[in-house]
Amino acid sequence: MIETDLHDLSDDADYAASQQQGSVSMMRTDSGRGSSSSEPEETEVVYSKENVTIHPTQFASERISGRLRLIKQGSCLFITWIPYKGQNSNAKLSERDKNLYTIRAVPFTEVRSIRRHTPAFGWQYIIVVLSSGLAFPPLYFYNGGVREFLATVKQHVFLVRSEEDSNTFLVNDFQDPLQKTLSSLELPRTGPIASGPVSSISLDESPSSADKRAGEDFYDEGSRISRYSGKQRPKFHDPARDLPIQILEKFSLVTKFARETTSQLFRENHNNGFSAPEMRIQDQSSVDSPQRPSNGLEKVPNVSPVVEDPIQFDKMTLVWGKPRQPPLGSEEWATFLDAEGRVLDSKSLRKRIFYGGVEHNLRKEVWAFLLGYHAYDSTYAEREYLQSMKRSEYLTIKNQWQSISPEQAKRFTKFKERKGLIEKDVVRTDRSLSFFDGDENPNVKLLHDILLTYSFYNFDLGYCQGMSDFLSPILFVLGDESESFWCFVALMERLGPNFNRDQTGMHCQLFAISKLVELLDTPLHNYFSQHDCLNYFFCFRWVLIQFKREFEYEKVMHLWEVLWTHYLSEHLHLYICVAILKRYRNKIMGEQMDFDTLLKFINELSGHIDLDAAIRDAEALCVCAGENGAANIPPGTPPSLPLDDGSYYIQQDEVL
C-alpha cells in the first residue's frame with residue numbers, strides 16, 4: 001500500500017510556494033473585522049478571498065462575483081461563497097437568481113474532493129465535489145489565491161493529492177481499501193452527509209462514541225492534520241436543506257457524473273493506458289465504438305501511452321452539461337405566445353429548444369422562427385401576410401428558369417450545367433425515406449425546383465453539391481414549396497460560405513476547430529501537429545453539411561434545431577467537433593493514427609456517435625472555453641452572418 005505521505009501536498013510546487021508567504025493565506029478575525037453579526041461568536045475566518053466568480057453562462061455580463069471564505073467553528077471547517085449584492089450589470093439576473101448559487105456554510109465533512117484547474121489561457125478555478133457526488137459550479141479566482149486556499153484547507157482537514165490525478169485533492173480520504181470501495185459506491189442521499197455515521201469518513205469511532213463527543217468544540221490540532229477524527233459536526237442548521245431544487249438545475253448536476261466521479265479517481269490508472277470513461281464506452285453497444293476489435297479497445301496492439309486529457313472530460317465537464325429534456329410540445333409552445341401570436345421571450349424559447357428540441361408535429365411552425373423566416377415578435381396576421389407576399393415572390397423567381405426555352409438553354413451553359421448537377425443530386429438525396437422514395441416522386445420534383453430556383457435567386461453562389469442535404473429536412477418538415485425555399489434562403493445566408501469555391505468559409509471553421517482543440521486539449525493538438533493533421537480535413541464532412549451523414553434523419557433534425565437556437569454560441573457545431581475528437585482521443589493517440597488512418601476512422605464513426613452526449617459535452621466545452629473560445633473563432637465564421645464586404649459569394653466563372 002502506498003503511504004499517505006507520498007500523497008502529501010508538501011511535494012506540490014504551489015503548496016510549497018504558499019508556505020513561504022507565511023500568514024498571508026491566514027486571515028484571522030478580530031473585533032474590528034473578519035466576522036459579522038450573522039456568524040456565531042466562536043467562528044473564525046481562516047481564509048477570505050474577494051472577487052471569486054461563478055460563470056453561469058459564457059456571457060461576461062452574467063458572471064456573478066462574490067466572497068469565498070473558509071470558516072472555522074470549533075473543530076469543523078466550513079466553506080462559504082456569498083455573491084455581492086447590486087453589482088451585476090445584467091438586470092435580468094435578479095438577486096434571487098444570484099442567491100441560488102450561494103454556498104452557505106457547507107462543512108468539509110461533506111466534501112469529497114477539490115479539483116484544481118490551471119488552464120494555459122484564462123483564470124485558475126476550482127470545482128468542489130461533495131461526498132454525495134454533487135458538485136458546485138467552478139469558482140474562478142481572478143486575482144489568484146488557489147494555492148493559498150488549498151494550503152489553508154490542508155491546515156484544518158485531512159487533504160491529500162490523488163495519485164491518479166495530481167490536480168485532484170481528496171478530502172478526508174483514507175487508505176483503507178474498504179473505505180475506497182464504499183466511497184466508489186456512494187449514492188446521493190436525501191439527508192445531511194454528516195448526520196450519521198459515514199464509514200467512508202469515520203474510521204475510528206462508533207456511532208455512540210461520536211454522539212458522546214458531538215458537543216466537544218476542540219480536539220488535538222496535530223491529529224486534525226494527520227488524520228480525520230470522524231467527529232460528527234455540531235448540530236447547526238443543515239446546509240443541505242438550504243439547497244433548493246432550483247440549484248440542481250442551476251448547477252447542471254448530472255446523475256452519471258454524480259455517481260461516477262469518485263470511483264473514477266481510483267480506476268483510471270488500471271486500464272492499460274485508457275481512462276475509465278473510454279473503458280466504459282468500450283463496454284457499451286456499438287453506438288460509441290464503430291468497428292471495434294472483438295478483444296476491445298484495451299487490447300489493441302501497438303498502443304502507445306496517451307497524454308492525460310487536461311480537462312478530464314468525463315469527470316469534470318458534465319458539471320456544466322445539463323441533462324437533456326423532453327422535446328417542446330404544443331401545449332408548452334402555446335405558453336410562449338401572447339394572444340396575437342408573438343413570442344414573449346425568445347431567449348427562453350431558444351434555451352428550451354436547446355435542451356430538448358421540438359416535437360416533430362410542431363417543427364413546421366417553430367423552425368420558421370429558428371431559421372429567421374418569421375420574426376419572433378411577429379403576429380399571426382403579420383406572418384400570414386408575409387407568407388402570401390413571399391409566395392408571389394418565389395413564383396416570380398421560379399418563372400425565370402421555367403420560361404427558358406430549349407433554344408435558350410443551348411446557349412446558356414451555366415444554366416445547363418447547374419440544372420444537370422441538381423438533377424443528379426436530388427435523385428440520390430435521402431431516397432431511403434418514404435417521403436422521397438419511388439419513381440416520379442413529387443417531393444423529389446419539389447427538391448429539384450427549389451434548388452434550381454435558388455440558383456437563380458443567388459446566382460453568384462448558384463448550386464453546389466451538398467445543398468440538397470440541407471434542403472431535404474426543411475422540405476420534409478415544412479412541406480410547403482415557398483416556405484421551404486425561403487427558410488432554405490435564410491439558412492444559406494449563414495451557411496452559404498461553406499460552398500465558396502475557394503473554400504474560405506470551410507477553412508475559417510477548420511482553423512477555428514484547430515484553435516479550440518489547442519485551447520481545450522493541448523496534448524491532442526500537439527499530437528495532430530506531430531502527425532501533420534493540423535489542417536483538420538478529417539472534420540470536413542462534419543462541418544460542410546452539419547453532421548448530416550453522421551446521424552439518423554430524426555437525430556439530424558434534432559441536432560439542427562439545437563444548433564439553430566444559437567443559445568450558447570453560434571458556433572456550437574465547432575465545439576461538437578472538438579467534443580467528438582476528445583471522446584476518441586485515447587484511441588486516436590493510443591493507436592498512433594496518421595492522417596489517412598484518422599480520416600478512415602472518422603468516416604467510420606458515422607452512425608455510431610451518441611448525439612445527446614456530444615451535445616452535452618459540447619455545451620461543457622463551450623462554457624469552459626468562455627470568451628477565450630469565442631476569441632479563437634474569426635469574425636464572420638459561418639454560421640455567423642457574413643461580413644458585409646461582398647466577398648463571400650464571388651465564384652470563379654469557369655467552375656460551377
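S162 sits in a loop of this predicted model. The loop joins strand 8 (159-161) to strand 9 (168-171). Helices (H or I, at least four residues) and strands (E, at least two) are DSSP runs, numbered from the N terminus. S162 has a relative accessibility of 5% and therefore counts as buried. Buried means under 20% relative accessible area, exposed over 50%, and partly exposed in between (1.4 Å probe, protein chains only). R115 lies 47 residues from S162 along the chain, with 10.0 Å between the two C-alpha atoms.

Residue numbers start from 1 along each chain as its sequence is written. Local features need pLDDT of at least 70 and side-chain atom pairs pLDDT 80 or more, totals for chains, interfaces and linings use all residues, and side-chain values rest on heavy atoms, without hydrogens and water.

The protein contains 27 helices and nine strands. Of its 656 residues, 55% are buried. A contact means heavy atoms within 4.5 Å. Among contacts with a separation of 6 or more, 71% link residues 24 or more positions apart. The accessible surface is about 28,600 Å² (Shrake-Rupley method, 1.4 Å probe; for residues, only the protein chains shown count as cover). Carbon and sulfur atoms hold 50% of that surface.

Aromatic rings were examined next. Rings of Phe, Tyr and Trp (its six-membered ring) pair if their centres lie within 6.5 Å; planes under 30 degrees apart count as stacked, over 60 as edge-to-face and the rest as tilted. The count is 36 aromatic pairs. F470 and F499 have ring centres 6.2 Å apart and planes at 90°, so this pair is edge-to-face. F470 belongs to helix 18 (residues 467-478), while F499 is in the loop between helix 19 (481-495) and helix 20 (504-520); the pair therefore ties together parts 29 residues apart in sequence. Both F470 and F499 are buried.

F538 and F595 form a tilted pair, because their planes meet at 55° with centres 6.4 Å apart. F538 lies in the loop between helix 21 (522-530) and helix 22 (540-544), and F595 in helix 26 (residues 595-604), so parts 57 residues apart in sequence are tied together. F538 is buried, at 2% relative accessible area. F595 is partly exposed, at 22%.

One aromatic cluster comprises Y394, Y454, Y457, F485, W486 and F488. The charged end of K390 sits over the ring of W486, 4.1 Å from its centre. This requires NZ of Lys or CZ of Arg within 6 Å of the ring centre and within 35 degrees of the ring normal. The charged end of R418 likewise sits over the ring of F459, 4.5 Å from its centre.
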